[in-house]
Amino acid sequence: MTELLIAYMAPLMFVALVAFLLMGYPVAFALAANGLFFGLIGIELGLLSPALLQALPERIFGIMANDTLLAVPFFTLMGLILERSGMAEDLLDTIGQLFGPVRGGLAYAVIFVGALLAATTGVVAASVISMGLISLPIMLRYGYDRRLAAGVIAASGTLAQIIPPSLVLIVLADQIGRSVGDMYQGAFLPGFILTALYAGYVLAMSLLYPNRAPALPPEARTLRGFKLLRRVIFVLIPPLALIFLVLGTIFLGIATPTEGGAMGATGALILALINRRLTWRLLRQAMHSTAKLTSFVVFILVGSTVFSLVFRAVNGDLWVESLLIGLPGGQLGFLIVVNLLTFFLAFFLDFFELAFIIVPLLAPVADKLGIDLIWFGVLLGVNMQTSFMHPPFGFALFYLRSVAPFREYVDNVSGKLTAPVTTGQIYWGAVPFVVIQVVMVGILIAFPGLVTGSLEKGKIDPSKIELNIQKPDYEQETDQRRDDADKPGNGKDAAGTGQGRQETPEEESPGEDLEKAYKRAR
C-alpha cells in the first residue's frame with residue numbers, strides 16, 4: 001500500500017486539489033492546504049526530506065520581492081479611478097452619438113468603448129459594470145434585442161483581459177518566465193482582431209435582423225456637425241494620450257511595465273483632477289478595491305507556490321510532462337488538448353486560478369516541444385477570456401446581472417413601461433461571443449505570426465546563449481617555447497661566441513603551464 005501511495009502521489013495531489021475546488025474551498029487555501037498535507041505525508045513515508053518545507057519562507061519572500069507583480073496594483077488603481085471619474089460615461093455618450101445614425105450603432109459604440117477602456121483600465125469588472133449601467137438602459141429604450149445587448153456589453157468588457165494593459169497578461173508573463181512588455185506587444189494585434197470579430201457579428205445581426213439593432217431616432221441624436229466633431233476630439237484625446245503614456249512607453253522601451261503602470265495611475269489621477277471629479281471618497285474607494293484585488297492575487301500566488309513546491313518534489317511535473325508529450329500529433333495535438341482542457345476548466349475557475357494552477361504545469365512542456373512561450377501565453381489568454389463569458393459561472397455575466405433591471409420599470413426618458421432583462425437572456429446572449437472567442441483561438445493556432453510577427457526580431461533570449469571556449473593546446477605551446485630557446489643567438493654570452501644555452505631551466509610542470517595559460521587568457 002505504501003509503495004502504491006508513493007508511486008501515485010502526484011495524481012492523488014491533482015485529484016485532491018480538484019475535489020477541494022469543487023467543494024467550494026477558497027482557491028488560495030485549497031492550494032496551500034493541499035501542498036502542506038501531501039508534503040507531510042511524503043515526509044512520513046520517507047519520500048520527501050523535512051528540509052523541503054524549509055524552502056517555503058524564501059519562496060514567499062521571493063513573491064513579495066517580485067517587481068513584475070507591482071504592475072498589478074498600479075494598473076488596477078488606474079482603471080478604477082478612470083471608471084469612477086466618469087470617463088466611460090463620456091465616451092459612451094459621445095461615441096453613441098457618432099454611430100447613432102447607423103443600424104447597430106449603439107452596439108458598435110459599446111464595442112469601441114470596450115476596447116478603449118480595455119486599453120486604459122485593464123479591469124473587466126469596471127468595464128462591464130460601467131457599460132451595463134450607462135448603455136443597457138439606452139439600448140433597451142430604443143428597441144435593441146435583449147440578448148444582443150447583454151452579449152455585446154459582457155463581451156466588450158472582457159476585452160480588458162487580452163488588450164494591454166491586461167492584468168492576466170502580467171500574471172501569465174510571470175508564470176511562464178517571459179517579459180511583460182513582450183507579452184503586451186504580442187497580444188496587441190490579436191486583441192483588436194477579436195474586437196473586429198465582435199463588430200462583424202453585430203454587422204451580420206443588423207443586416208439579417210434589422211429590428212434587433214435599430215439606429216437611433218433623429219430626436220435622440222442631440223449632437224451634429226461641428227459640435228459632435230469637437231466633442232469627439234475632446235473626449236478621445238485624454239484616453240488616447242493615456243494609452244500612449246502607458247503602452248507607447250513600454251513598446252518603445254522607455255519604461256518597464258511597472259513604470260508604465262505607475263505613470264498610468266498618475267495620469268488617471270491627473271485626468272480626474274482636471275475633470276474636477278477627484279474626491280477623497282473616490283480615491284479611498286479605488287485604493288480599497290486595489291488593495292483587495294492585489295491581496296487576492298498574492299494569496300493565490302503564495303498558495304500555488306506551496307502546492308508547486310511539493311508537486312515538483314513528488315515528480316508531478318514529470319508526470320504531467322509524460323502525459324502531454326506522448327500525445328499524438330506533436331505540437332498540434334498538445335495545443336488542441338491544452339485548449340480544450342482550459343476551455344472546460346474555465347466553466348468552474350476564473351482566469352487567476354487558471355493562470356496559477358495549470359500554466360506552471362503546461363509552460364515547461366510547451367517549451368520542450370519547441371513552442372514559443374509568448375505565443376502560447378497569448379493563446380491561453382484568449383482562451384481564458386472565455387472564463388468570464390461561460391454560462392452559468394462567467395463573472396462578466398454576474399457583473400451584468402448585478403446592474404441589469406430584474407423587474408419592470410418606467411423609463412425616465414420615454415415614460416414607457418420596460419420589461420426586465422432575464423438571466424436566461426444574458427446567458428443566451430453570451431453564447432455567440434464565446435463561439436467567436438473559440439474561433440479566435442483557432443485563428444491564433446493557424447496563424448502564429450499574428451503574435452510573433454510583432455515581436456522584435458533581433459531580441460536575444462539569454463537562455464539560448466552558448467559560450468564556446470577553445471581548449472588551449474599546452475603541449476604545442478611548450479614545444480614552441482623550446483624551439484624558440486634553441487634558435488641561434490638565444491642563450492649566448494656577451495661576446496657572442498655562444499656555447500648554446502649556458503643555463504638550462506627546469507622543465508615547467510603541466511600545472512605551471514596551466515596557470516600561465518590562464519593568466520594569458522585573462
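The following questions and answers concern how terms are applied to this predicted model.

Q: What makes α9 roughly antiparallel to α11?
A: Helix α9 (residues 146-157) and helix α11 (residues 180-208) pack at an angle of about 170°, with their axes 11 Å apart. Angles over 145 degrees count as roughly antiparallel, and α9 is therefore roughly antiparallel to α11.

Q: Which residues make the contact of α9 with α11, and what is its make-up by class?
A: Helix α9 contributes Leu148, Val152, Ala155 and Ser156, while α11 contributes Tyr198, Tyr201, Val202 and Met205. By class, this contact has 7 nonpolar residues, 1 polar residue and no charged residues.

Q: Why is Met131 called buried?
A: Met131, which lies in helix α8, has a relative accessible area of 0%. Buried means under 20%, so Met131 is buried.

Q: Which residues does Met131 touch, not counting residues up to four places away in sequence?
A: The residues touched by Met131 under that condition are Leu92, Val110, Gly114, Leu117, Leu136, Ile153, Ser156 and Gly157.

Q: Is His390 classed as buried or exposed, and why?
A: His390 is found in the loop between α19 (373-384) and α20. The relative accessibility of His390 is 2%; the cut-off for buried is under 20%, and His390 therefore counts as buried. Not counting residues up to four places away in sequence, His390 touches Phe343, Ala346, Phe347, Leu397 and Val434.

Q: How do you know that the buried residues of α20 line one face of the helix?
A: In helix α20 (residues 395-403), Ala396, Leu397 and Leu400 are buried. Seen down the axis of α20, its buried residues fall within an arc of 100°, so they line one face of the helix. These buried residues pack against α8 (124-141), α9 and α21 (423-446).

Q: Why is Pro50 called exposed?
A: Pro50 lies in the loop between α3 (27-44) and α4 (56-64). Its relative accessibility is 54%; exposed means over 50%, so Pro50 counts as exposed. Pro50 and Leu40 are 10 residues apart in sequence, and 8.4 Å separates them in space, C-alpha to C-alpha.

Q: Why does Asn315 count as partly exposed, whereas Arg276 counts as exposed?
A: The relative accessibility of Asn315 is 44%, which lies between the limits of 20% and 50%; Asn315 therefore counts as partly exposed. Arg276, at 79% relative accessibility, counts as exposed, the threshold being over 50%. Asn315 lies in the loop between α14 and α15 (316-325), and Arg276 is found in the loop between α13 (257-274) and α14 (280-313).

Q: What is the phi of Arg276, and what is that of Asn315?
A: Phi of Arg276 is near 60°, a positive value in a residue other than glycine. Asn315, also not a glycine, has a positive phi of about 65°.

Q: Which residues touch the most other members of the largest nonpolar core?
A: This core has 152 residues, of which Phe334, Phe376 and Met384 touch the most other members. Helix α7 (residues 105-120) gives the most to this core, with 12 residues. Not counting residues up to four places away in sequence, Phe334 touches several residues, including Leu324, Leu362, Ile371 and Phe376.

How values were computed:
Residues numbered from 1 in each chain as written. Predicted model: local features only at pLDDT ≥ 70, side-chain atom pairs only at ≥ 80, totals over all residues. Heavy atoms only, no water. Axes fitted to C-alpha atoms, helices over the stretch in contact; angles between N-to-C directions. Helix = DSSP H or I, 4+ residues; strand = E, 2+ residues; numbered from the N terminus. Parallel < 35°, antiparallel > 145°, perpendicular 65-115°, else oblique. Contact = heavy atoms within 4.5 Å. Nonpolar A, V, L, I, M, F, W, Y, C, P; charged D, E, K, R; others polar. Buried < 20%, exposed > 50% of the residue type's maximum accessible area, 1.4 Å probe, protein only. Arc of directions from axis to C-beta. Core = buried A, V, L, I, M, F, W, Y, C linked by side-chain atoms within 4.5 Å.
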